[in-house]
Amino acid sequence: MRQKYFVFKCVAASFLFFSGILIAGDQCITCHTTVVGDKPSEQFQHDIHSKKGISCADCHGGNRNMEEMEAAMNPKEGYKGVPKGDAISQTCATCHADPERMKKYGSTLPTNQWTNLQTSAHGKLSTNGKEHIAQCITCHNAHGIVPVKDPASPVYPLNVVKTCTKCHASATFMRTYNPSLPIDQGEKYRTSVHGMLNAKGDPKPAVCSSCHGSHDIRTSKDAKSSVYAVNLPGTCSKCHSNAQYMKDYKIPTNQYEKYAKSVHGTALLQKHDVGAPSCNSCHGNHGATPPGVESVSKVCGTCHALNADLFSSSPHKKAFDERKLPECETCHSNHGIVAATDSLIGVTAQAVCSRCHHENDNPKGFAAAKAMRLMVDSLSLSGSVATALVNDAEQKGMEVTEAKFKLRDARQAHLEMRTMVHAFNEAKFREVIDKGMAATALAKGEAQGAVDEYYFRRIGLGVSTLIMSLLAIALFIYIKRIEKKQAEQR
Amino acid sequence: MKPTLKKIYDWVDERLELQDLIKFMAKKYVPVHSHSIWYYFGGVSLFLFTIQVVTGILLLMYYKGSEELAFESIQFIMSKVAFGWLIRSLHSWTANLFILTAMIHMFSVFFEKAYRKPRELTWLTGMLMLFLLLGFGFTGYLLPWNELAFFATKVGTEITGVVPIVGKPILQFMRGGDDVTGATLSRLFGFHVAVLPGIFTLLLGAHLLFVNRQGMSEPLHYAETPEKDRKTMPFFPNFLLRDLLFWLIVLNVLAILAVFFPWELGTKADPFASAPAGIKPEWYFLFMFQTLKYIPAQIWFIDGEVLGVLAFGAAGFLWLMVPFWDRQSSAGESKRFVNYIGLFVVMYIILFTIIGWLA
């Protein structure tokens with residue numbers, strides 16, 4: 001027992017001795033904890049920097065070994081006081097942007113945060129030109145900094161939204177930099193699937209930094225931003241295409257693959273048409289969630305407004321609602337949606353109508369689908385014939401501007417037909433088809449006239465050449481006869 | 001002559017005394033020699049001028065000389081007006097053939113030394129008409145208001161602008177402002193259909209009058225040829241009928257060109273669009289355009305383009321004044337040096353036109 005007590009005394013004495021040396025070595029902490037008793041010095045004792053042996057003086061300057069305040073906080077000793085504005089981040093960057101120093105402290109952290117911050121929206125915007133929006137301490141705190149993976153860190157996944165919304169939910173603050181930017185991202189996020197899982201303590205679902213990045217956050221209009229329209233599907237797919245990462249959530253991970261091949265994906269990712277829908281166009285961004293069955297046509301209708309309106313007033317609306325069928329998706333699918341073709345209409349194997357309208361079960365719908373397909377085919381055929389005639393006339397060098405205008409009208413009617421089909425009303429559909437047929441008839445008439453004119457010109461030229469040649473020959477003979485007569489007279 | 005035709009002829013002759021005119025024409029003789037073929041190019045140029053006047057007047061009935069309507073009116077002429085396509089194509093093709101035959105006529109006169117005394121004024125009026133023809137080509141080119149014409153006119157007027165002192169005012173006068181706009185179109189249209197035809201008709205009248213007064217020029221060697229060996233043919237009916245035969249052939253060629261190669265309209269000019277690649281002037285300006293491209297930007301202290309334009313101006317003036325400096329030809333002596341100059345000019349024009357065409 002005595003022996004054990006002796007060992008305990010030795011360990012306690014050693015602890016007091018070495019901590020005494022340490023504390024005695026940093027007079028800043030000694031005074032600020034014992035004499036001043038301020039919060040920063042108390043927080044700093046739990047700070048990762050303190051644990052790595054970094055002193056107050058490393059950021060604030062001064063001499064950590066001097067007991068006297070005037071001597072320790074003497075500007076001649078390099079004392080800077082509390083850094084202000086951009087000087088805060090510059091102070092952090094003296095170590096965090098220096099790979100050698102970071103290596104000395106055994107850190108594996110990247111050293112480009114400062115560079116990234118300067119290129120970000122937070123590092124670029126300023127109201128006074130001296131201080132930019134965010135400094136390192138805005139998100140990481142000043143004296144109680146802990147590693148990102150520490151749940152106490154303000155940038156730990158479960159705390160990130162709270163940290164960001166400190167500014168982004170403040171109308172007063174946001175007004176000074178970007179008055180048009182909404183301030184409800186946090187609220188929306190809480191209603192999203194990501195937000196709800198996050199609220200349950202799951203750190204895996206996306207938080208602000210998962211999509212927007214951390215130090216290099218750019219505005220969504222910046223082509224380099226991870227949430228710029230063209231880059232967004234790739235950003236979402238970082239998690240949603242990772243089967244391992246998503247295995248707990250039991251949802252498919254092939255959305256990006258399908259989307260990239262879809263009409264929307266091709267337009268956005270290959271043609272860089274930023275007007276084409278991205279993931280957030282249908283699912284929302286901060287409030288991301290899959291649209292419900294009843295919302296599908298509304299979601300698609302934000303762009304395809306006329307189609308959605310026609311569908312809503314069509315007989316299909318009631319039938320779809322009763323069967324709980326997702327409206328647009330039933331015929332067009334969702335992520336892998338391809339460009340609609342005429343073959344979707346009708347009762348053939350490729351057509352979607354016949355999936356529900358069987359000849360025996362639903363003869364009326366079957367007949368209507370069949371009739372509509374016939375009309376479509378007639379218009380297509382008539383359009384092809386007219387186009388071929390116009391091309392033929394043009395190749396013959398004839399003026400076909402007007403015929404081309406008519407062809408354009410016919411194509412317009414074809415597109416209108418593609419929209420009108422969503423009314424699922426044979427009479428209205430026929431009206432549009434008739435308009436297209438009339439335009440193709442006019443184009444054919446114009447083109448045929450031009451082709452006829454072409455042959456008329458050639459025949460006319462042949463006839464006139466023949467007349468002129470005969471005249472020339474006659475003239476030549478006449479000249480020769482005159483000259484012969486003149487020679488005889490001489 | 002058939003009795004009916006004879007009756008009509010007698011009726012007209014009784015009133016207009018055609019017999020006197022025929023006697024007058026029959027007294028005129030055209031020299032017949034190995035280069036007689038060149039005599040026909042004057043007549044064919046006159047024939048082409050007549051076609052230009054007729055087709056031009058017909059086009060005027062539908063053409064609208066404004067920035068908004070010029071292109072559309074030509075489009076209308078070509079697609080809706082009965083035989084409008086033929087009239088427009090004939091007008092465009094004839095314009096080119098006219099310049100070609102006029103140039104051949106001019107060079108044949110040059111090499112035959114037909115400009116020598118006493119035909120200096122005939123040469124001068126002919127040369128001035130050739131310059132006016134180029135003016136016709138330049139002013140008419142813009143009238144369809146298509147993309148190619150718009151930018152070619154822009155380049156063409158810019159070249160005029162480099163002439164020292166008078167260049168800038170001439171450029172502004174031609175354009176009706178600083179840039180090629182609807183004002184330029186109205187201006188060039190006015191020149192094309194009123195100013196140039198007026199002056200041209202006066203010069204043509206004088207030119208024909210001089211030819212009639214002086215008769216056809218005889219080659220230099222005729223002076224040493226005995227009179228019995230000097231072959232001739234009566235102007236009427238022999239030469240005139242041969243002229244008619246040539247005109248018939250040319251008319252047929254024109255009809256073939258108009259039907260098989262209708263003159264394209266292109267796309268409407270857009271002053272805000274950038275110039276299409278490879279803008280070139282019409283073929284008759286190509287040799288000058290190509291030369292200007294080869295001249296260095298700066299020669300000594302003078303701007304290369306200015307030097308080029310001034311050099312062409314000086315060369316044109318010297319060419320115009322050839323009857324006055326080539327005294328030996330006027331004295332009946334054959335001077336090879338002048339032929340060499342002429343040969344060099346012909347080769348130069350052909351070569352640079354081909355290079356410009358292929359460039």
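**Helix packing and the chain A side of the contact**

Me: In this predicted model, which residues of helix α17 (residues 232-240) of chain A are buried, and where do they lie on the helix?
Reply: The buried residues of α17(A) are A:Leu232, A:Pro233, A:Thr235, A:Cys236 and A:His240. Seen down the axis of α17(A), these buried residues fall within an arc of 160°, so they line one face of the helix.

Me: What covers the buried residues of α17(A)?
Reply: The buried residues in question include A:Leu232 and A:His240. Their cover, which belongs to chain A, includes α16 (208-212), α18 (243-246), α19 (255-261), α20 (263-270) and α21 (279-283).

Me: Is helix α26 (residues 363-395) of chain A roughly parallel or roughly antiparallel to α27(A)?
Reply: The axes of α26(A) and α27(A) come within 10 Å and cross at roughly 160°. Angles over 145 degrees count as roughly antiparallel, so the relation of α26(A) to α27(A) is roughly antiparallel.

Me: Which element gives the most to the side of chain A that touches chain B?
Reply: The contact takes 18 residues from chain A and 17 residues from chain B. On the side of chain A, the elements that give two or more residues are α27 (401-420) and α28 (426-489). The element that gives the most, with 14 residues, is α28(A).

Definitions and conventions: Residues numbered from 1 in each chain as written. Chains lettered and ligands numbered in written order. Predicted model: local features only at pLDDT ≥ 70, side-chain atom pairs only at ≥ 80, totals over all residues. Buried ≥ 20, exposed ≤ 12 C-beta atoms within 10 Å, placed from the backbone. Helix = DSSP H or I, 4+ residues; strand = E, 2+ residues; numbered from the N terminus. Arc of directions from axis to C-beta. Contact = placed C-beta atoms within 7 Å. Axes fitted to C-alpha atoms, helices over the stretch in contact; angles between N-to-C directions. Parallel < 35°, antiparallel > 145°, perpendicular 65-115°, else oblique.
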